[in-house]
Amino acid sequence: MYGQVVESYQFDDVAASEKPKYSQLEVSSALTAVLSVLLLLCGLCRLGYLDKVFSRALLKGFIGAMGVIMIVNQLPIELGLEPYMSEHPQHSIFAKMHFIWDYAGKAHKLTCLISVVTLLLVLLVKRVKSRIDSSQGSPSLKKAVTVFPELLIMVVVSTLLSWRFNWHGKGVSVIGKISLDSVQFQNIFAPSKKDLYSKVFTTSVLVTILGFFDSTTATRTLESKYDLHVSSNRELIALGAVNLATSLVAGLPSFGAFGRSKISKAAGASSPMAGVIMSCSTLTVAMFVLEFLFWLPECVLALTTTVIGITVLEEMPHDLKFYWNTGGYDELATFAAVFFVTLGWSAQAGVFLGVAIAVIRVIKIGTTSRIQILGRIPNTPAFRNADELIEERFEGLGDADGINDLAAELESIEGTLIVKIPEPLTFANATDLRSKYARLHKYRSLLVHPSQPQGAQTPRKVVIDCKGMTAVDTAGVQALKELVESTMVRDGSKLVFTRVPLGPVRKKLESSGIVALINESMGTISGVEMSSGLGPGFYMSIEDGLHALTGDIASTPVGNDVNTA
């Protein structure tokens, strides 16, 4: 995406005039600068929690596809097919695979041999390291094995062999001479670049999402594997600060690297100093060692990426097997969707699909009310979800009329409807709450399909238990008030509240007029302990609320709030 936007602005400007309005470095600097500001704002506004909407299956699908892409992208180089790539450009991973299939017969034999032998040796070393690390060997041996630099040795040995046996003269592509351009500082605050920032804004947003998605994938995987904790807000601020500095020298956008993070952790890194040392080492190599890499075969350099891709894919089977064994077919579907879209279309499409799936799932969960109808457990003062009791006792019962009759019989024990709101009431689930309450009020069960005829009279006494309704917003309390008014005015039912939480919830009920409305309808109740402090329509237990409505304390022991569920 970064390369495409730089090239497109160059072509657009050339079409309009002979000289581009902005240089490639200026476009690069502007794109990275906007991206850094977006990251900093997200971090300062503490929006890091947004990464929690990405499920592990979603992230695994994305990183699994990226692992395949990493491997396939390097195959033409490892097979010595670079001379043919410019003649037949590939714009997708499947096009590249088709290209490899068509030109496999033209692969350079020595390049293929070097790639295969080197890859097998590296994988063998990694397998031995893994077995020693998981064994009961001495800690010193494990430490030595962990820091054994097989990739570095691969580069050094292959470079020496290439120089000694003149692989380049035998047709093997080598890195060659690498020249470093001087650093050019950019003024990102120049007013003249205002129109440039507006042009690159959309691309910067997309790159921000993609980069944060990639960083989240890395941190989530490392957290679960190494028992780490990473603050998403601090991560956003760190990424924003790094990219702001990068924009001053027109650098590419930078994000958390999964491969480098794994290597650092495996090497025993435990502080940010590891990043400082790595940066200094990179600068030292760039300044003084690059000339010695002239003979490094390109196929060996490509293998470093391939090894990381293989390492990424090694973690996939365990998760897929777990999802299958536990019946997590929704997670498997999420994994497959993100994996194949990322693989077959683009990383951007995979990110957008992943974000869409995450948002849809969060909306579905957030807008679904968990309202319950409570029924008394026989011969006890405890209450449970009546629908759960029906499912437990009559598992497999498919007759809707039979379920309706059973629900009515269960309700007749108390002669009233006991409804529990076991969750915060917000704008998201308020509509669903009203819909389900109306269904419970009509059928006394959520198991009955709304198309069934009403099987019993509308209950005249309703208890609304608020245990678990720890928060309520303005939209939620408005829906609750409309529900109360509908129950009392339209149906002529008496209604009480029980176990209303202290604090903001009670204040909302008072300010909305619900408390006054309920108390006015109940009047003065004698013989009932009203310890809730809200008036005669509010009680500390379901038993007290039932007694206030029925006046019958013989069948409803009072005050056993501990045993109510």
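This is a predicted model: local features need pLDDT of at least 70, side-chain atom pairs count only at pLDDT 80 or more; totals for chains, interfaces and linings use all residues.

User: Which residues in H3 meet which ones in H13?
Analyst: Residues are numbered from 1 along each chain as its sequence is written, and side-chain values use heavy atoms, leaving out hydrogens and water. On the H3 side you have Ile63, Gly64, Gly67, Val68, Met70, Ile71, Gln74, Ile77 and Glu78. They meet Glu298, Cys299, Ala302, Leu303, Thr305, Thr306, Ile308, Gly309, Ile310, Val312 and Leu313 in H13. Contact means heavy atoms within 4.5 Å.

User: At what angle do the axes of H3 and H13 cross?
Analyst: Roughly 160°, with the axes coming within 8 Å. H3 and H13 are therefore roughly antiparallel, a label for angles over 145 degrees.

User: OK, is H3 buried or exposed?
Analyst: 17 of its 23 residues are buried, so H3 is largely enclosed by the rest of the structure. Buried means under 20% relative accessible area.

User: What comes just after H3?
Analyst: Gly80, which takes a positive phi of about 75°.

User: Switching topic: where is Val462?
Analyst: Val462 sits in strand S4, residues 461-465. Val462 is buried, with a relative accessible area of 0%.

User: And how far apart are Val462 and Gly545?
Analyst: They are 83 residues apart in sequence, and 9.2 Å apart in space, C-alpha to C-alpha.

Conventions: Axes are lines fitted to C-alpha atoms, for helices over the stretch in contact, and angles run from 0 to 180 degrees between N-to-C directions. Helices (H or I, at least four residues) and strands (E, at least two) are DSSP runs, numbered from the N terminus. Angles under 35 degrees count as roughly parallel, over 145 as roughly antiparallel, 65 to 115 as roughly perpendicular and the rest as oblique. Buried means under 20% relative accessible area, exposed over 50%, partly exposed in between (1.4 Å probe, protein chains only).
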